[in-house]
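Dear colleague,

I am handing over the structure we spoke about, and I would be grateful if you could look through it alongside the notes below.

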Amino acid sequence: MNLSYAGRSYPPTEPYEVGREKIREFALAVGSEPGDGRTAPPTFPIVLSMHAEKQVVDDPDFGFDFSRVVHRDQRFESVRPVRSGDRLTVTVEVVAADTVDGNDVVTLRGHIREADGGAPVCTTTSTLVSRGER
């Protein structure tokens, strides 16, 4: 893994329009009440951030082996709830990249913003470990 990627940011994703059905599907998948589908569960932003994180893990110059990944940590810092009708983009930054005991460890931060105006909605932080071959 290329450790020099720490501090690198990737371009924002194309806008994602949050729909009621997507909110309901996610709520059911995580065991929450789907309600009317107007307000997403607090962990819904993972849908957007994981899609955006693919820019990093699929970057051949980064050299991160996603086939050997275990998820170490996930955090959400919400400014406001995600709602049906929101159009959101995500900018991902590589907060840290390191090798620990033969395992590649990367921390990614996703800045989720309104596509129209850029007001912040949520920040996600994911720490992924790609297990070294033993």
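What follows is an account of the sheet, the helix that crosses it, and the aromatic pairs.

Please keep in mind that this is a predicted model. An unreviewed UniProt entry carries the annotation "domain: FAS1-like dehydratase" for residues 7-111. In the model, that span is 22% helix and 33% strand, and the C-alpha atoms at its ends lie 14 Å apart.

I begin with the sheet, which is open, has five strands in the order 1-3-4-5-2, and is paired in antiparallel fashion. Its edges are formed by strand 1 and strand 2, each of which pairs on one side only. Within the sheet, strand 3 (residues 87-100) and strand 4 (residues 103-114) run antiparallel and are joined by 12 bridges; as for individual positions, Glu93 has Arg109 of strand 4 opposite to it.

Helix 2 lies across strand 1, strand 2, strand 3, strand 4 and strand 5 (120-130), and runs at about 55 degrees to strand 3. Is Ser49 buried or exposed? Its relative accessible area is 0%, which is under the 20% cut-off, and Ser49 therefore counts as buried. Once neighbours within four places in sequence are set aside, Ser49 is in contact with Val90 and Thr124.

Turning to the aromatic residues, the count comes to three aromatic pairs. The rings of Tyr5 and Phe62 have centres 5.0 Å apart and planes at 25 degrees, and because planes under 30 degrees apart count as stacked, this pair is a stacked one. The two residues come from distant parts of the chain, 57 residues apart, with Tyr5 in the segment before strand 1 (16-17) and Phe62 in the loop between helix 2 and strand 2 (69-78). Tyr5 is buried at 3% relative accessibility, and Phe62 is likewise buried, with a relative accessible area of 1%.

A further aromatic pair, formed by Phe26 and Phe44, is edge-to-face, with 5.4 Å from centre to centre and 80 degrees between the planes. This pair also links distant parts of the chain, since Phe26 belongs to helix 1 (residues 20-29) while Phe44 sits in the loop between helix 1 and helix 2, 18 residues apart. Both Phe26 and Phe44 are buried.

Finally, Tyr5 and Phe62 belong to a cluster that ring pairs form together with Phe64, and the charged end of Arg8 sits over the ring of Tyr5, 3.7 Å from the ring centre.

Conventions:
Residues are numbered from 1 along each chain as its sequence is written. This is a predicted model: local features need pLDDT of at least 70, side-chain atom pairs count only at pLDDT 80 or more; totals for chains, interfaces and linings use all residues. Side-chain values use heavy atoms; hydrogens and water are left out. UniProt positions are given in the numbering used here, feature names are shortened, and annotations may be inferred rather than shown by experiment. Helices (H or I, at least four residues) and strands (E, at least two) are DSSP runs, numbered from the N terminus. Buried means under 20% relative accessible area, exposed over 50%, partly exposed in between (1.4 Å probe, protein chains only). Contact means heavy atoms within 4.5 Å. Rings of Phe, Tyr and Trp (its six-membered ring) pair if their centres lie within 6.5 Å; planes under 30 degrees apart count as stacked, over 60 as edge-to-face and the rest as tilted. A charge sits over a ring if NZ of Lys or CZ of Arg is within 6 Å of the ring centre and within 35 degrees of the ring normal. Two strands pair if DSSP finds at least two bridges between them. Axes are lines fitted to C-alpha atoms, for helices over the stretch in contact, and angles run from 0 to 180 degrees between N-to-C directions.
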